Amino acid sequence: MSPMVLENDVEVGESLPPATEHAVSVSLPTWRANVGYEEGEEWVISKMKTGYPRFFIHKQIQAFAAAISDKYGNSDESAMLFPTHAIASRCRDFFIRLAPDAEVRIVDLVPAAAKARSEELIMISPQVSAVLFPKDRFSVAKQFWQHSGDGVSSRRAEYCHHLFRQGLLVEPSSLEQSPRIPKGPRRYQKKTSIDLDSTLSSTNGEVQDPDQFVEERFGRNLDLSMTKNAKLAVRRRIAGSLTADVGLTEALALDKDASRTRHVAGFSEDDVYLYPTGMSAIFNTHRNLLQAKGPLKAIVYGFPYIDTLKITEKFGPGSVFYGFGSEEELDDLQKRLESGERYVALFTEFPTNPLLRSPNLVRIRNLADKYDFCVVVDETVGNFINVNVLPYADVVVSSLTKVFSGDSNVMGGGLVLNPKGPSYSKLKQIWNQDYVDNHWAEDSIFLERNSRDFVSRIERIGINAEAIVEVLSSHPRIKQVNYPKTSPTRPNYDQCRNPHGGYGGLLSATFYRKQDAVAFFDNLDTVKGPSLGTNFTLSSPYVILAHYGELDWCRSWGVEEDLIRFSVGLEETGKLVQIFQRALEAIPSE
């Protein structure tokens with residue numbers, strides 16, 4: 001049988017969406033390409049224009065890191081870039097633990113112009129802290145980059161690299177020197193198309209004053225007042241108080257949407273925090289909870305997205321893993337607690353990724369209240385339009401990179417503190433002292449624009465996902481379909497489901513035979529790559545891509561290596577159903 005002609009057959013290594021400079025996904029269109037990527041095969045790796053940003057360091061970041069290494073490092077050193085000295089110091093501490101013999105140092109780079117250190121421009125924070133380390137220890141630095149989610153974004157790197165080339169990003173010790181700078185590249189001489197005020201001034205020709213250069217380039221490309229308001233609008237959307245699909249100015253003038261605001265007494269947007277990535281929100285939650293509760297182990301309940309488990313294992317005293325997310329495991333936890341064991345927090349997802357199981361948050365909350373540990377719920381897959389998990393959590397985290405943005409071109413993370421949580425006063429104090437907004441200004445602008453229609457997108461995606469579940473569930477060659485609505489744990493989901501909430505846009509399926517899974521995947525006419533929550537349907541052999549080095553371990557927790565995960569998009573429902581039906585028809589007969 002000749003292979004199907006696929007409309008969405010994007011070349012291996014191309015960004016998703018195609019030709020998108022800051023895309024957060026990449027095309028791996030066949031089963032073989034996914035395995036080739038994991039095996040490091042040249043025919044895949046050489047074509048990678050980008051990748052998921054915590055796993056593939058964006059080429060803009062690579063170029064900036066190389067330039068810093070060339071200027072400040074030795075020939076055998078590489079650089080890893082972070083937004084602040086504090087984060088770079090955590091990376092250095094990680095190095096000291098894992099590679100104590102490695103020489104590691106930090107180079108801080110700040111704006112040369114005095115005005116760029118004004119109160120207003122601190123909001124944009126055009127600075128970078130580079131960790132310089134031996135090239136042969138790259139894997140150590142990469143672990144911290146991946147797990148913490150606190151590396152610089154590609155847009156920050158692009159902007160700061162431009163300043164660096166112009167001599168306007170320097171070590172603090174050289175601030176007395178003020179070079180004379182020509183005008184910058186064209187993209188920094190014009191307004192962007194993103195809601196900029198047409199009254200902003202512009203200059204032409206040579207700019208002799210570096211203070212003026214920095215201030216005016218930032219003023220035109222990243223309007224300061226707009227940056228502040230974009231962050232506020234994003235925080236209000238995370239809070240649930242802003243749900244209207246309107247422009248930024250109108251959005252901030254609207255009355256709060258009481259019907260969508262998270263239903264916890266005393267809650268406001270002041271309890272919402274913005275992070276560079278969803279994993280950064282989780283990493284910093286774990287770090288702050290250790291400060292609040294002391295050096296205690298964590299609990300990870302339910303098979304999670306991999307880095308959540310790695311954070312609890314590699315940072316702090318370790319963790320206890322309950323990978324099935326079962327009631328029997330909660331029984332075991334209860335016995336441990338009754339015997340005197342104590343924990344810093346229980347981390348869980350609602351529902352879990354990729355098995356879409358929903359934990360019993362009511363029981364978990366009761367145990368937490370009785371035995372004094374915190375509950376951290378990752379609501380990325382469920383999202384607060386569909387579910388309300390805040391009453392059961394001390395901290396709710398989310399990846400805004402996913403369905404909140406939808407456009408697959410910006411990273412972000414959200415964190416919410418529960419004002420009715422028993423540890424709220426202490427946690428609020430720690431967050432007030434520790435929190436730094438490291439979400440790069442230009443990323444915030446994109447995130448705000450992308451998220452304006454997130455309510456209607458989530459509703460439509462849910463309808464499409466349920467249609468696909470029906471198609472897959474009725475086919476004899478499908479072994480199992482995982483989806484919150486059809487899961488045995490649906491009662492736990494419904495306990496938290498909002499009155500008009502759906503069941504989300506993520507599902508997964510397993511097959512009786514590997515060759516069936518491969519045939520289906522290779523003939524499925526969707527784009528294929530990492531990430532989820534995109535406005536377009538995105539498919540992935542998830543376990544191969546996320547757990548290639550630990551497939552036996554996954555199997556021991558009931559996660560099969562040939563599982564395919566589907567993040568359903570906004571396509572017309574009938575067309576999407578046909579796409580999945582055709583892929584099922586491509587499975588060879590027995």
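This is a predicted model: local features need pLDDT of at least 70, side-chain atom pairs count only at pLDDT 80 or more; totals for chains, interfaces and linings use all residues.
Just after helix H13, Gly 340 takes a positive phi of about 110°. Helix H13 covers residues 327–338, twelve in total. From its first C-alpha to its last it reaches 16 Å, close to the 16 Å expected at 1.5 Å a residue.

Which residues of H13 are buried? They are Glu 329, Leu 330, Leu 333 and Leu 337. Seen down the axis of H13, these buried residues fall within an arc of 100°, so they line one face of the helix. An α-helix has 3.6 residues a turn, so residues three or four places apart point the same way. On the face turned away from the buried side of H13 sit the exposed residues Glu 328 and Lys 335.

Ile 238 belongs to another helix, H9 (residues 224–239). Leaving aside residues up to four places away in sequence, Ile 238 touches Arg 262, Leu 274, Phe 384 and Val 272, among others. Ile 238 and Val 272 are 34 residues apart in sequence, yet their C-alpha atoms are 7.2 Å apart in space.

A search of the whole structure turns up seven cavities of 30 Å³ or more, and the largest cavity holds about 250 Å³. Of the 26 residues lining the largest cavity, Pro 53, Val 152, Ser 153, Ser 154 and Met 411 are the closest to its centre. The lining splits into eleven nonpolar, ten polar and five charged residues. Helix H7 (residues 154–165) gives the most to this lining, with three residues.

Terms used
Residues are numbered from 1 along each chain as its sequence is written. Side-chain values use heavy atoms; hydrogens and water are left out. Helices (H or I, at least four residues) and strands (E, at least two) are DSSP runs, numbered from the N terminus. Contact means heavy atoms within 4.5 Å. On a 1 Å grid over the protein atoms alone, a cavity is a set of points where a 1.4 Å probe fits but cannot get out, and a pocket is an open set with protein on both sides within 12 Å along at least five of seven lines; lining residues have an atom within 4 Å of a point. Grid points are joined across faces, edges and corners, and a volume is the space filled by probe spheres set on the points. Ala, Val, Leu, Ile, Met, Phe, Trp, Tyr, Cys and Pro count as nonpolar, Asp, Glu, Lys and Arg as charged, and the others, Gly among them, as polar. The expected span of a helix is 1.5 Å times one less than its number of residues. Buried means under 20% relative accessible area, exposed over 50%, partly exposed in between (1.4 Å probe, protein chains only). The arc is that of the directions from the helix axis to the C-beta atoms.
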